[in-house]
Amino acid sequence: MRLHRVFVFGTLKEGFPNFGTNKGRRLGDEFVTCQAYPLFLVGERHSPWLVDQPGDGLHVEGQVFEVDDSILAAMDQLERVQEDDGYLRAAIEVEPLKRGVAGPAIEAFAYLKKSTQLRPFEIRVGPLAVYTLAHAALYRSRPATS
């Protein structure tokens with residue numbers, strides 16, 4: 001069984017709407033991206049999008065989980081990585097969030113949206129440094145398909 005680190009910044013965070021899919025083991029407390037990324041709430045569903053534009057936006061806070069292959073597959077399904085309009089799972093660098101103290105950086109997967117998918121008129125909120133419970137209250141799950 002292989003284990004993978006996944007940086008979650010939105011609905012997969014502990015206590016957030018899609019956390020039920022995330023059955024991993026949380027590492028540490030909070031983490032932050034080593035590079036700035038644009039994080040927006042997008043569309044009528046107010047979905048959190050971390051856009052694959054390193055160097056733009058803000059350093060984004062989130063959590064890191066260690067997950068096995070089956071949990072990673074479930075996350076991939078939720079994030080629709082196989083779909084043209086889905087997220088891209090990519091490795092990024094994150095470090096523990098300790099105000100004023102730099103921690104050792106680690107590599108973790110994150111679910112990013114390609115910049116070509118973002119239409120500026122669909123941005124509802126952002127850029128953000130952290131996705132909060134107030135943001136999650138705006139989120140609407142994708143309708144179930146039959």
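E79 lies in the loop that links α1 (69-78) to β6 (88-98), with helices (H or I, at least four residues) and strands (E, at least two) taken as DSSP runs numbered from the N terminus. The model is a predicted one, in which local features need pLDDT of at least 70 and side-chain atom pairs pLDDT 80 or more, while totals for chains, interfaces and linings use all residues. Numbering starts from 1 along each chain as its sequence is written, and side-chain values rest on heavy atoms, without hydrogens and water.

E79 is buried but forms no salt bridge, and K113, the nearest side chain of opposite charge, is 7.4 Å away. Here, buried means under 20% relative accessible area, exposed over 50% and partly exposed in between (1.4 Å probe, protein chains only); a salt bridge places a side-chain nitrogen of Lys or Arg within 4 Å of a carboxyl oxygen of Asp or Glu.

The charged end of K113 sits over the ring of W49, 4.5 Å from its centre, the criterion being NZ of Lys or CZ of Arg within 6 Å of the ring centre and within 35 degrees of the ring normal. The charged end of R89 likewise sits over the ring of F109, at 4.7 Å from its centre.

How values were computed
Lys, Arg positive; Asp, Glu negative; His and termini not counted.
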